[in-house]
Amino acid sequence: MSIFTPTNQKRLTNVAVVRLKKGGKRFEIACYPNKVMSWRNKVEKDIDEVLQTHAVFMNVSKGQVAKAEDLKKAFGTDNQDEICLQILAKGEQQVSEKERQAQLESMYRDIATVVADKCVNLENNRPFPVTLIEKAMKDLHISVKPNKNTKQQALEVIKQLKASETIKIQRAQMRLRIGVSGKDAKRVKEKVKKLSTKVEKEDFDDELEMTVLIDPGCYKELSELIHTETKGKGHVEILSLKDIEEGDEKLE
């Protein structure tokens with residue numbers, strides 16, 4: 001005996017539900033577990049890796065698919081792909097307390113990993129272990145914000161760690177080579193020095209050539225400075241994105 005399944009029902013299992021209330025009705029989409037935050041953080045870029053189906057539901061758990069007229073009334077369109085993207089961007093993910101805790105712990109470690117990747121120990125210019133960053137974050141009672149970009153939160157954590165002096169931390173410096181023609185050299189040199197944390201090399205022959213270390217946050221400002229002051233004739237070359245001490249640390 002065959003079982004009849006209504007055409008407006010579509011059963012799904014092992015699903016993460018994202019829900020959005022609009023126009024007085026509830027609309028849901030079915031996503032793969034652990035993929036919603038990856039999409040929102042721009043880690044995952046393939047929508048087919050996020051959505052289990054390009055369909056909008058009234059109730060995912062009951063398999064009730066939304067009617068076209070309800071979609072058009074609430075969203076102004078019945079294009080399910082467009083509506084799925086809207087719900088994915090603005091909707092609230094429905095998760096159990098256990099799943100929520102697991103997501104927060106994963107995000108906490110992701111933020112600590114980004115901080116460790118971008119920073120060094122001020123005392124020896126070496127990278128920090130991720131576990132030490134996590135401990136410092138816990139000591140400051142830093143909590144994560146589930147709907148906020150991981151990288152953005154990591155930059156805020158760096159500021160908090162620097163301000164608290166819980167650990168001696170600073171952004172890993174960028175190493176740049178700057179070239180400026182003679183007539184602009186003297187004026188530009190002083191401005192470059194103000195933006196640099198260290199001038200490693202300074203030569204002047206037919207043109208000024210400097211090798212400097214800068215905080216990554218100053219790179220755009222310095223690049224625009226060279227372009228403007230030299231009317232596009234100067235150049236900035238990135239020698240390394242991170243200046244860190246390599247190898248094993250020696251114990252005295």
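**Loops, helix packing and cysteines in a predicted model**

H141 is placed in the loop that joins α5 (130–139) to α6 (150–164); helices here are DSSP runs of H or I with at least four residues, strands are runs of E with at least two, and both are numbered from the N terminus. The structure is a predicted model, in which local features need pLDDT of at least 70 and side-chain atom pairs count only at pLDDT 80 or more, while totals for chains, interfaces and linings use all residues. Residues are numbered from 1 along each chain as its sequence is written, and side-chain values use heavy atoms, with hydrogens and water left out.

The phi angle of H141 is positive, near 55 degrees, although the residue is not a glycine. H141 is exposed, with a relative accessible area of 70%; exposed stands for over 50%, buried for under 20% and partly exposed for values in between, with a 1.4 Å probe and protein chains only. K42, also not a glycine, has a positive phi of about 65 degrees. K42 belongs to the loop between α1 (36–40) and β3 (57–59) and is exposed at 60% relative accessible area. Most residues other than glycine have a negative phi.

Helix α4 (residues 97–118) packs against α5 at an angle of about 115 degrees, with the axes 9 Å apart. Axes are lines fitted to C-alpha atoms, for helices over the stretch in contact, and angles run from 0 to 180 degrees between N-to-C directions. The crossing of α4 and α5 is right-handed, a term for a near helix turned clockwise from the far one by less than a right angle, left-handed being the anticlockwise case. In contact (heavy atoms within 4.5 Å) are Y108, R109, I111, A112, T113, V115 and A116 of α4 with V130, I133, E134, M137 and K138 of α5. The residues of this contact comprise eight nonpolar, one polar and three charged. Nonpolar covers Ala, Val, Leu, Ile, Met, Phe, Trp, Tyr, Cys and Pro, charged covers Asp, Glu, Lys and Arg, and polar covers the others, Gly among them.

For α4 and α6, the axes come within 9 Å and cross at roughly 65 degrees, again in a right-handed crossing. From α4, the residues M107, D110, I111, V114, V115 and K118 meet T150, K151, Q153, A154, L155, V157, I158 and L161 of α6. Nine nonpolar, two polar and three charged residues make up the contact of α4 with α6.

With a disulfide taken as a pair of cysteine sulfur atoms within 2.5 Å, the count comes to zero. C84 is in no disulfide, the nearest cysteine sulfur, that of C31, being 7.9 Å away. C84 is buried at 1% relative accessibility. The sulfur of C119 is too far from any other for a bond, because the closest cysteine sulfur, in C218, is 14 Å away. C119 is also buried, at 2% relative accessibility.

S240 lies in strand β11 (residues 235–243) and is buried, with a relative accessible area of 19%. Beyond its neighbours within four places in sequence, S240 is in contact with M174 and R175.

The pLDDT, the predictor's confidence in each residue from 0 to 100, averages 86 for the protein, and 90% of the residues score at least 70. Residues 1–7 stay under 50 and have zero contacts beyond four places in sequence. Residues 248–252 also stay under 50, with three such contacts. Where pLDDT is low, the predicted coordinates should not be read in detail.
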